[in-house]
Amino acid sequence: MLSLEPRNSFFGSMFQALNATAKFVASPEGTALAYGSLVLMALLPIFFGALRSVHCSKSKNASDMPETITSRDAARFPIIASCTLFGLYLFFKVFSQEYINMLLSVYFFGLGVLALSHTLSPLMSRIFPESFPNKQYQLLFTQGSDDTKEEIVNYEFDTKNLLCLVIGAVVGVWYLLKKHWIANNLFGLAFALNGVELLHLNNVNTGCILLGGLFVYDVFWVFGTNVMVTVARSFEAPIKLVFPQDLLERGLGASNFAMLGLGDIVIPGIFIALLLRFDVSLKKNSRTYFYTSFLAYIFGLGLTIFVMHTFKHAQPALLYLVPACVGFPVVVALIKGELTEMFSYESSVELLPGSPRLTSFPTVSGSPASLAGSMATGSSPRHRRLQPTPL
């Protein structure tokens, strides 16, 4: 019997089983299917997000640049996350949980539509032929008149982008009305892929600072207080991937979920994407560090599941993922004699001089809350052209 307390780190940084029904005994087949599906869903946004991050970093359009995380940002990240977590804890203690979650649902509806639209854009470009009548549109809001006129919003998009937005809106309405786990996962996967693609670490040192800080953060808030437990029980948002353990018995209406937080995907994922860009910079036509870190992630996630089932207790996945994702590539670099090159590599060199850096943090990790900021960042802060990103 698997009956674990429904814990979840603020960044969704927790791998756990969440019993939605009392005393349900998951079958071995159902448990294996659930965790196998979660591992597969975790790998997809990391793999494709990392590939897209390479193309994103080579973009010639400053307004489409990713946000760069510096060492200073990385050091502040766990502190800001802790303050936000505790703030949410106080909110849920003082205000009605129903109204807070209603506001969060509307907030994530908007973010989810944008994230899913951005995720589907390359696919739409591949599906539709060149002969497709792809009309251009522009959404423009200004204030003032004549010489004092100032642009508030200048948003350009085309027919394919519009179709992506419609699909995202349909999924969003489905999520708002039903809170179905499939709709949750579609938004969650889009958030994770966008996070890995658009949040760039500037170097390996920054990655180590960020992962190390969140390693301590995760362990402290999971094992040291009940703050995370309270927020997890109250918080309803697509900041996690879920898969029912009772799917074989109850079909799509299943309600006993295994869960993987988006932070367990995005945080290691942006480090893995950095190593892929480092591989590309070596110009050796190999992806040694990317595949090493990718396999390390699989190992760390598998170890998390093993420990969780051995001790029958929810585990903070970053406790196992951080040492694996950092340690394995470092060992490989030592063996190949490329440790100096790895730690001296600067990803920001590939970016244009006007590339934005991360100056604000998402309220919930794994969601591209930073997308709204990145869409309004760069040389033209209110002007963004939606363009498909090749895989």
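Visitor: Let's start with H2 and H7: which residues meet there?
Guide: From H2 you have Leu85, Phe86, Leu88, Tyr89, Phe92 and Lys93, and they meet Val227, Met228, Thr230, Val231 and Ser234 of H7. Keep in mind that this is a predicted model.

Visitor: And how does that contact split by class?
Guide: The contact of H2 with H7 has 8 nonpolar, 2 polar and 1 charged residues.

Visitor: What's the angle between H2 and H7?
Guide: About 60°, with the axes 9 Å apart. H2 covers residues 71-94 and H7 covers residues 227-234.

Visitor: What do you call that arrangement, and why?
Guide: Roughly perpendicular starts at 65 degrees, and the angle here is about 60°, so H2 and H7 count as oblique to each other. The crossing of H2 past H7 is left-handed.

Visitor: OK, switching to H3 and H5. At what angle do they cross?
Guide: Roughly 65°, and their axes come within 8 Å. That makes H3 and H5 roughly perpendicular to each other. H3 also passes H5 in a left-handed crossing.

Visitor: Who's touching whom between H3 and H5?
Guide: On the H3 side it's Phe108, Phe109, Leu111, Gly112, Val113, Ala115, Leu116, His118 and Thr119. They meet Leu186, Phe187, Ala190, Phe191, Leu193, Asn194, Glu197 and Leu198 of H5. By class, this H3 contact with H5 comes to 12 nonpolar, 4 polar and 1 charged.

Visitor: Now pockets. What's the volume of the second largest pocket?
Guide: The second largest pocket comes out at about 350 Å³.

Visitor: How many residues line it, and which lie nearest its centre?
Guide: There are 17 lining residues, and those nearest the centre are Arg52, Thr119, Leu120, Leu189 and Leu193. Thr119 and Leu193 also turn up in the contact of H3 with H5.

Visitor: Which helix gives the largest share of that lining?
Guide: H3, with 6 residues. H1 (28-57), H3 (97-127), H4 (159-178) and H5 (181-198) each supply at least two.

Visitor: Last one, H6 and H9. How are they oriented to each other?
Guide: The axes of H6 (residues 204-223) and H9 (residues 263-282) cross at roughly 165° and come within 10 Å, so the two helices are roughly antiparallel. H6 passes H9 in a left-handed crossing.

Terms used
Residues are numbered from 1 along each chain as its sequence is written. This is a predicted model: local features need pLDDT of at least 70, side-chain atom pairs count only at pLDDT 80 or more; totals for chains, interfaces and linings use all residues. Side-chain values use heavy atoms; hydrogens and water are left out. On a 1 Å grid over the protein atoms alone, a cavity is a set of points where a 1.4 Å probe fits but cannot get out, and a pocket is an open set with protein on both sides within 12 Å along at least five of seven lines; lining residues have an atom within 4 Å of a point. Grid points are joined across faces, edges and corners, and a volume is the space filled by probe spheres set on the points. Helices (H or I, at least four residues) and strands (E, at least two) are DSSP runs, numbered from the N terminus. Axes are lines fitted to C-alpha atoms, for helices over the stretch in contact, and angles run from 0 to 180 degrees between N-to-C directions. Angles under 35 degrees count as roughly parallel, over 145 as roughly antiparallel, 65 to 115 as roughly perpendicular and the rest as oblique. A crossing is left-handed if the near helix is turned anticlockwise from the far one by less than a right angle, and right-handed if clockwise. Contact means heavy atoms within 4.5 Å. Ala, Val, Leu, Ile, Met, Phe, Trp, Tyr, Cys and Pro count as nonpolar, Asp, Glu, Lys and Arg as charged, and the others, Gly among them, as polar.
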